[in-house]
Amino acid sequence: MSTIRIYRLLGCCLFLFTSLAVRAQDEKSISLPQLLKGKKNVTDTVVTADTGRVPQKDLPDVFRSLFKIKASPEPDSVTSKPQFSLVPAVGYTLVSGLAAVLSGNIAYRNGPQARISTVVLSASYTFKKQFILPFHTYIWTHDNEYYFVGDYRFYKYPQSTFGLGSSSDIHAEDPMDFSFGRFYQTAYKHMVNNWYAGVGYNFDAYWGISHQGPLNKATSDYDAYGVMERGLSSGLTLNVLNDSRDNSINPSKGWYFETSYRNNLTALGSTVPWQSIIVDLRKYINFPASTKNVLALWSYNWAVLHGKPPYLSLPSNSWDPNSATGRGYIQGRFRGAQLFYLESEYRFNLTRNGLLGGVMFANAQSVSAQPGTRLQRVQPAFGPGLRVKLNKVSRTNISVDYGFGRQGSRGLFIDVGEVF
């Protein structure tokens with residue numbers, strides 16, 4: 001089985017002629033039309049023991065060279081004046097077929113010392129009559145004392161389930177259809193150094209749920225778990241965040257740690273009461289230390305602590321906030337009450353000017369079935385990847401990965417930015 005995820009990239013050539021707003025919150029952003037003119041204050045060289053001082057290049061540099069566009073110095077930085085971008089594109093996935101996509105984003109600072117705030121919105125409509133509308137906000141106050149994160153989504157998005165647990169059979173595919181809405185809002189307060197504490201409200205709703213039954217005529221885990229035509233989860237969260245990465249788009253060093261405890265209450269409208277916790281830990285190491293190569297390590301753990309969530313609210317691969325877990329498997333391949341996930345990736349340059357890079361990755365996940373059951377078989381995946389530098393200032397790459405999993409599962413994964 002294979003899948004192609006192209007929802008944020010989906011039209012890179014068009015993307016090159018629009019403004020690029022940085023997806024992270026702590027680096028400079030620059031519009032591509034301005035990059036095509038050239039900048040005085042763009043840091044375009046790096047120094048390493050093995051290469052010396054080498055001019056760095058990205059895709060705008062390539063386009064300037066191809067079209068003989070002369071660079072003219074012009075200062076640039078993100079200020080309180082918002083930078084806008086709007087991108088029409090066409091995409092394709094094996095699940096959705098062709099998709100028409102319109103993406104827009106805004107980048108700005110709330111003060112000269114503030115980290116960059118970003119707002120990202122896109123809309124997709126597919127030939128299979130799927131509609132996808134995600135909206136994300138990352139807002140820093142002028143002194144970085146507060147940080148507000150929003151995640152809002154609407155999906156009309158049929159997606160198969162394969163049963164519960166990581167020992168589930170890929171041939172037990174059960175086609176489903178549903179609509180999905182999300183409203184997440186979290187407010188963080190600076191505590192000390194890189195530590196933030198936060199509180200939030202999470203709301204997930206699924207409705208119009210239907211399924212065909214397993215294609216191999218096996219017993220349906222969805223039927224056994226408890227069929228619902230709709231499910232609603234509404235709860236409060238407690239959050240702790242520590243982020244010492246040097247660049248949240250493409251880190252070369254530092255730590256990232258976030259944990260979120262969620263308590264869904266019937267008093268807030270939940271179909272059933274249940275609690276969960278997510279622990280997200282990442283480490284980035286220069287290896288060897290004399291190079292720009294990076295060894296990236298990731299642990300993502302998501303568990304139901306109490307109660308029995310609606311089926312579609314159970315932890316599942318690629319249903320993390322960035323839809324990043326489980327390269328090598330289709331989204332929703334493994335679902336259950338506990339998901340433990342590990343991944344490592346080695347990132348290296350293929351060209352001295354930084355235009356092309358490569359990665360090798362490997363991951364493994366273990367998922368339980370119903371609440372109260374044990375973790376099941378560990379499911380590994382691995383693969384290579386190619387990186388193309390889209391913006392040398394923010395170190396943003398186009399990521400193209402091919403993952404191989406078990407039972408013939410494999411697929412191409414394309415996005416803007418690193419997976420983690």
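Guide: R182 is buried, at a relative accessible area of 11%; the term buried stands for under 20% relative accessible area, exposed for over 50%, and partly exposed for what lies in between (1.4 Å probe, protein chains only). The model is a predicted one, in which local features need pLDDT of at least 70 and side-chain atom pairs count only at pLDDT 80 or more, while totals for chains, interfaces and linings use all residues. Side-chain values rest on heavy atoms, with hydrogens and water left out, and residues are numbered from 1 along each chain as its sequence is written.

The partner of R182 is D151: the two form a salt bridge with their closest N and O atoms 3.5 Å apart. D151 belongs to strand β8 (residues 146–156) and R182 to strand β9 (residues 176–192), so this contact ties together parts that are 31 residues apart in sequence. A salt bridge requires a side-chain nitrogen of Lys or Arg within 4 Å of a carboxyl oxygen of Asp or Glu; strands (E, at least two residues) and helices (H or I, at least four) are DSSP runs, numbered from the N terminus. D151 also meets R153 in a salt bridge, at 2.9 Å from N to O. Both of these residues count as buried, R153 at 8% relative accessibility and D151 at 8%. The model holds 19 salt bridges by this rule.

Y155 and W319 have ring centres 6.3 Å apart and planes at 50 degrees, so they form a tilted pair. Y155 lies in strand β8 and W319 in the loop between β14 and β15, so parts that are 164 residues apart in sequence are tied together.

The charged end of K189 sits over Y146, 5.6 Å from the ring centre, and that of R333 over F162, at 5.2 Å.

Conventions:
Rings of Phe, Tyr and Trp (its six-membered ring) pair if their centres lie within 6.5 Å; planes under 30 degrees apart count as stacked, over 60 as edge-to-face and the rest as tilted. A charge sits over a ring if NZ of Lys or CZ of Arg is within 6 Å of the ring centre and within 35 degrees of the ring normal.
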